[in-house]
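Reader: Got a model to go through with you. Can we take it piece by piece?

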Amino acid sequence: MFDLNNQVIKWRQSLSDSETFRNADIDELESHLREEIEQLTARKLSEQEAFWVAAHRLGDTQALAGEFAKVNTSARLQKRLFWILAGVLFYLAATYLSIGASRTCAFMAAIAGIRGYTLIIIKIVCHASAFVAIVLALYKTIKKDLPVILFFAAAKNLLGKIIVLVITFLLISGIIAAQILPLRQTVGIVGAEEYGRMMLFTSYARLALQFIFPLVLVMVLFRLSRPKSPIAQTQFET
Amino acid sequence: MDVNKDLVAASATPLVLSILSEGESYGYAIIKRVNELSGGKMQWSDGMLYPVLHRLERQELIRSRQRLSETGRKRKYYKIKKKGAAALKNHKTQWTLVYSTLKQLWEDQPCLT
């Protein structure tokens with residue numbers, strides 16, 4: 001069964017897959033598409049036929065993207081800058097959150113009476129798994145385009161901007177607190193000497209992680225380079 | 001015979017400005033007007049009009065505003081600005097010059113042979 005709204009949503013998606021359209025452009029094109037569909041259905045075409053004809057008349061997605069790219073150079077740059085900024089922030093978030101997590105783990109293990117190499121291993125395993133988990137979680141969120149939508153929604157009004165600032169501030173304070181508090185407590189429990197030894201081993205582990213990270217990043221980037229929209233290639237579902 | 005693609009592209013700006021000089025309009029209506037005037041022989045793919053409109057807006061020749069249509073649909077209406085009217089005048093001079101030059105050549109030709 002042909003669902004017009006569903007097809008229009010897919011058609012919109014095929015446009016937004018390209019970096020060149022701003023949301024306002026897509027809205028304007030959709031308004032045009034719907035108007036044409038209305039005119040065609042009034043002339044006894046079925047919704048499906050009308051959609052096909054209207055989409056065809058609007059033009060091929062790739063060709064349109066090419067034309068819009070000539071006018072929307074700044075939109076493209078803005079989107080790219082956003083992703084660069086998001087990447088840097090996500091890396092920092094993953095690093096500091098995993099440090100916080102590993103210190104909290106070490107603190108809890110120390111309370112449980114674990115000492116020596118076992119404690120070191122627990123700390124390192126916590127650190128690495130927290131880092132991987134956070135990167136995966138962020139990757140899942142990025143795939144849904146959720147941060148982009150939220151970011152632009154927040155950027156629209158003053159209240160949104162204030163909320164983003166407050167959340168950022170709380171996050172930073174949380175990260176700092178998560179690093180300092182368990183650290184102080186653990187040093188208190190296991191003693192400065194043992195903690196120092198633990199930190200040395202953790203540093204080796206982090207060094208290894210920092211070699212692995214670029215590799216993981218490249219792999220993620222390959223996954224992220226989305227295949228060309230299936231709609232643009234195979235035309236619309238019938 | 002349909003009009004050549006390059007010529008359609010070259011005439012896009014004066015066409016849009018001329019249609020808007022008749023009064024405020026929106027994308028879909030502008031396309032319909034072009035098709036109506038040219039008897040459908042100057043059809044460009046509908047979506048190509050929008051980059052032209054956006055470029056003209058950036059050049060401050062036209063301005064746009066969102067408004068609800070009679071049917072309740074959100075539409076972006078475009079209106080020509082003073083600078084646009086001046087640009088249109090300039091386009092008119094140029095196109096008339098091209099046209100009259102060609103016309104003279106084509107009318108003179110039979111006499112030369």
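Reader: Fine. Which residues is B:His54 in contact with, leaving aside its neighbours within four places in sequence?

Author: From chain A, B:His54 is in contact with A:Arg22, A:Asp25, A:Glu28, A:Phe68 and A:Val71. From chain B, its contacts are B:Lys76 and B:Tyr78.

Reader: What ground rules apply here?

Author: This is a predicted model, where local features need pLDDT of at least 70, side-chain atom pairs count only at pLDDT 80 or more, and totals for chains, interfaces and linings use all residues. Residues are numbered from 1 along each chain as its sequence is written, chains are lettered from A and ligands numbered from 1 in the order in which they are written, and side-chain values use heavy atoms, with hydrogens and water left out.

Reader: Back to B:His54. Is it buried or exposed?

Author: B:His54 counts as buried because its relative accessibility is 6%. The cut-offs are under 20% relative accessible area for buried, over 50% for exposed, and partly exposed in between, with a 1.4 Å probe and protein chains only.

Reader: Where is the place of B:His54?

Author: In helix H3 of chain B, residues 49-58. Helices (H or I, at least four residues) and strands (E, at least two) are DSSP runs, numbered from the N terminus.

Reader: What does the side chain of B:His54 make a polar contact with?

Author: The side chain of A:Glu28, at 2.8 Å. A polar contact is a pair of N or O atoms within 3.5 Å; within protein, one must be able to donate a hydrogen and the other to accept it, and residues adjacent in sequence count only if both atoms are side-chain atoms.

Reader: How many residue pairs are in polar contact across the interface of chain A and chain B?

Author: The rule finds 12, with both residues at pLDDT 80 or more.

Reader: Which elements give two or more residues to the chain A side?

Author: Helix H2 (23-42), helix H3 (47-58) and helix H4 (61-71) of chain A. H2(A) gives the most, with 10 residues.

Reader: And what is that side by class?

Author: It has 6 nonpolar, 6 polar and 9 charged residues. Ala, Val, Leu, Ile, Met, Phe, Trp, Tyr, Cys and Pro count as nonpolar, Asp, Glu, Lys and Arg as charged, and the others, Gly among them, as polar.

Reader: How much area do the two chains bury between them?

Author: About 1,800 Å², with 52% of it on carbon and sulfur atoms. Buried area is the accessible area (1.4 Å probe) that two parts lose on being put together, summed over both. Chain A puts 21 residues into the contact and chain B 19 residues.

Reader: How many salt bridges cross the interface?

Author: The rule finds 4 there. Over all chains the count is 15. A salt bridge is a side-chain nitrogen of Lys or Arg within 4 Å of a carboxyl oxygen of Asp or Glu.

Reader: Give me the pairs.

Author: Among them, A:Glu35 meets B:Arg75 at 2.7 Å, N to O. A:Glu36 and B:Lys32 pair at 3.2 Å, N to O. That pair runs from helix H2 of chain A to helix H2 (residues 27-37) of chain B. A:Glu36 is buried, at 1% relative accessibility, while B:Lys32 is partly exposed, at 28%.

Reader: What about A:Glu38 and B:Arg73?

Author: Their side chains meet in a salt bridge, 2.7 Å from N to O. The pair joins two chains because A:Glu38 lies in helix H2 of chain A and B:Arg73 in the loop between strand S2 (62-68) and strand S3 (74-80) of chain B. A:Glu38 is partly exposed at 43% relative accessible area; B:Arg73 is buried at 15%.

Reader: Switching topic. How many helices and strands are in chain A?

Author: There are 10 helices and 0 strands. Buried residues make up 32% of its 238 residues.

Reader: Which residues touch the most other members of the largest nonpolar core?

Author: A:Leu33 and B:Leu53, in a core of 42 residues. Helix H1 (residues 5-21) of chain B gives the most to this core, with 7 residues. A nonpolar core is a set of buried Ala, Val, Leu, Ile, Met, Phe, Trp, Tyr and Cys residues joined through side-chain atoms within 4.5 Å.

Reader: What is A:Leu33 in contact with, beyond four places in sequence?

Author: A:Val8, A:Trp11, A:Phe51, A:Ala54, A:Ala55 and A:Leu58. Apart from that core lies another, of 8 residues, including A:Ala110, A:Leu119, A:Tyr195 and A:Met198.

Definitions and conventions. Contact = heavy atoms within 4.5 Å.
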